[in-house]
Structures are given as C-alpha cells and as structure tokens.
Amino acid sequence: MKTLKLLLLGFGNAAQAFADLLIDKETEIADQFGYEVSVVGIVTKSRGCLVNQQGIDLKKALGDVWTKGKFDNGQKGFTQITSMEAAKGLEYDVLVELTALDIFTGQPAIDHIKTAFSRGKHVITANKGPVAWAFRELKEMAQEQGSLFFYETTVMDGTPVFNLVRETLKLCRVTEVEGILNSTTNFILEELAKGKEYDSVIAEGKCRGFIEADPSIDIDGWDAAAKVAALLNVLMDAGITPGEIDRTGIGGITKEQIREARARNNVIKLICRGTIENGKVVGSVKPVEVPITSLPATIDGTSSYVSITTDLMGKVSIVEHAPEIEQTGYGILIDLINLIDCL
C-alpha cells in the first residue's frame, strides 16, 4: 500500500466537507486505488494548526472544530506555523490550497502554490484566485517541475466542468462559454421578481448561509468575473484576469425593470460569457434579459449552469441544482482521485 501525504492550508467549510469524505471513503480509496491518504498538516489562521508526519487524527480534528470551533491544543501535533512556513518546510506530497479567497489579487494562494511547485509537489486548489489571476504561469511552472495541478472546485463546486472538457471532449476547441455562475445574485434577482424587498432578500440569504456578511463582491459582479476568468484561462487559454472582464453587477437593477422584463416574457439574469473577438478571448458579466423559455431562465435559487460551445461537439450544457457544501467537498475529493490516477 502506497501512502500519499496531504498538507491542507485552510480548514473552512469546504475543507471540513473534504476531510469528512476522506474519512468516509478511506477504505474504498485504498481498495480501488492502492493508496492510503494521510493528512500530515492542517494550517489555519483562527482554529490553530496541526502537524503530524504519522498522520493527523481527522475525526478528532473535525469533532473539535464542530464542537469548539478550533483544534484542541492538547491534541498531538498542535503547533503554531504559518501557511507559507508549512508550504516551504513540511514534508508532503500534495498541497491542498483551501485558504480564503482574495478576489482582487489571488494572494497568498498563488505564492503557496508556487512554493509547492518549486519543491516538486502536486497541488489541488478550491481557491479560484490563482486560476483567475495566474493560471498560465502556474500551469507552466507545474509542467516544468513535473507536478500535477487540479482545480475542479474553483467553478461550480464539484460539477465536472474542467474534467468534462479534459476527459470527454478531447480534440475539441472551446470557442465560447456562457453561464450563470454566482448563486447569490441569481437568488436575489429571483426573489426580487417575486416582489420581495431587497433588504429582506439579503437578510434571508444571510440567514440561510449562502450570502456573505458583505455581499458586495457578489452583487458587484466580482465573484462572477473571477469565475469567468478561471473558465476562460483553463478552457480557452485566455491569459485573462478578473480585472479585464467587462463587468456590470446587479446593484442597479430595480423591481420596475424586472416587471418590465416580465411583461416582455423575459427575466433578468446575471449572465457570464466568454468568446473570441478579433482573434482575442474576451469575457463579460452583465445583467441580461433572457426569454422565459430559455435555459438561463430555468436556473432558479442557488443553482447554476454553464454552456460550453466547441468546434466539433457544438454546445454542451451542465446544470448544478441547489448545491450544498458536500458538493464542494466532493469536487476536492475527485481532484485527489484524478491526481492518484496520474501517479
């Protein structure tokens, strides 16, 4: 039995869902793929840090976080270490980059990943920042170092968008991407269309846990722009950043505009799009009126979709229905399985 050592940077909801799946699927991974997966480090800013080369007790780590909000400082391996110190100095095979997103720079996640690649380590990330801001550089660095790089969870949780293109659309050239990629704005627009007041919609979303304390990143279209950039960088080799996306959020959309659109048998959706103009890949995020009979109009609540147009296969669409955090955890897990398949 081979052992694969993981270093987790960050232990928020997605990382916890991933750890829970690792525990649940431990035997299946060993039986089907011949690997024992061992988490040798978990580094956080607010919950403490655990380092143990013999493997961290994930059940205890999860239990402590769920019950106390932090790791037990009496647990074996409890320590203080920064994320960069861990990336530079610990012994691991795979860096799992799950730190909080800085949507305007992609840091410090980019530097974490560069550090891992410089040591010949493999990387899995659920942080869209590095893929949106520095994908081409990171991809080239991974290739030079012989490292593997997976990032399925950066867009649409565990929905197989990148895997679909890589594994099942071989030799196809992606010429256009379109979708609804931000669940917060989709929910807000839908609830406003029902006649609800903006403040009550925001309060409901916060209560249900999918609208942040400060929702401006979503409302102003930055989150969607980062996802568009990530899609275009991976699928169309765009070399683009979120700042280059033509971006308009939903802050200026009124209930009157929504009613007028409905009178025309349309609804307003925040549509993400990437295409080729004059030989250059360009992207946009804008509120758009779409017919009530169209696919985007059917995407309700916190669901999302992406349509990928190719030269050989035409247009292929994927819908993710009302995802929960388990889908994000699964996306990280499937990246791990795909990485193991490549070893």
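Let me start with a definition: Ala, Val, Leu, Ile, Met, Phe, Trp, Tyr, Cys and Pro count as nonpolar, Asp, Glu, Lys and Arg as charged, and the others, Gly among them, as polar. Now apply those classes to the second largest pocket. Its lining has 18 nonpolar, 4 polar and 7 charged residues. One caution before I go on: this is a predicted model.

Stay with the pocket. The volume of this second largest pocket is about 580 Å³. Its lining comprises 29 residues. Which of them lie nearest the centre? Phe135, Lys139, Tyr151, Arg166 and Val234. Now the elements. At least two lining residues each come from α6 (128-145), β7 (149-150), α7 (162-168), α11 (222-236) and β11 (280-291).

Take Phe135 next. Buried or exposed? Phe135 and Phe149 are both buried. And the pair belongs to something wider. Phe117, Phe135, Phe149, Tyr151 and Phe162 make up one aromatic cluster.

How many aromatic pairs does the structure hold? The count is 7. Here is another one: Phe104 with Trp222. This pair is edge-to-face, at 5.0 Å centre to centre and 75° between the planes. Phe104 is in the loop between β5 (94-97) and α5 (109-118), while Trp222 is in helix α11, so the pair links parts 118 residues apart in sequence. Phe104 has a relative accessible area of 43%, so it is partly exposed. Trp222 is at 18%, so it counts as buried; the cut-off for buried is under 20%.

Trp222 turns up again, at Gly243. Gly243 is in the loop between α11 and β9 (246-247). Set aside neighbours within four places in sequence, and Gly243 contacts Trp133 and Trp222. From Gly243 to Ala226 is 17 residues in sequence and 8.5 Å in space, C-alpha to C-alpha.

Next, helix α9, residues 198-208. Which of its residues are buried? Val201, Ile202 and Gly205 are. They span an arc of only 100° around the axis, so they fall on the same side of α9. Turn to the other side of α9, and Asp199 and Cys207 are exposed. What covers the buried residues? The cover includes α8 (183-193) and α10 (216-219). After α9 comes Gly209, with a positive phi, near 90°.

Last stop, Leu4. Leu4 is in strand β1, residues 2-9. Its relative accessibility is 4%, so Leu4 counts as buried. What is Leu4 in contact with, leaving aside its neighbours within four places in sequence? Tyr35, Glu36, Val37, Ser38, Asp93, Val94, Leu336, Leu339, Ile340 and Leu343. For a distance, take Ile113: 109 residues from Leu4 in sequence, and 18 Å in space, C-alpha to C-alpha.

How values were computed:
Residues are numbered from 1 along each chain as its sequence is written. This is a predicted model: local features need pLDDT of at least 70, side-chain atom pairs count only at pLDDT 80 or more; totals for chains, interfaces and linings use all residues. Side-chain values use heavy atoms; hydrogens and water are left out. On a 1 Å grid over the protein atoms alone, a cavity is a set of points where a 1.4 Å probe fits but cannot get out, and a pocket is an open set with protein on both sides within 12 Å along at least five of seven lines; lining residues have an atom within 4 Å of a point. Grid points are joined across faces, edges and corners, and a volume is the space filled by probe spheres set on the points. Helices (H or I, at least four residues) and strands (E, at least two) are DSSP runs, numbered from the N terminus. Buried means under 20% relative accessible area, exposed over 50%, partly exposed in between (1.4 Å probe, protein chains only). The arc is that of the directions from the helix axis to the C-beta atoms. Contact means heavy atoms within 4.5 Å. Rings of Phe, Tyr and Trp (its six-membered ring) pair if their centres lie within 6.5 Å; planes under 30 degrees apart count as stacked, over 60 as edge-to-face and the rest as tilted.
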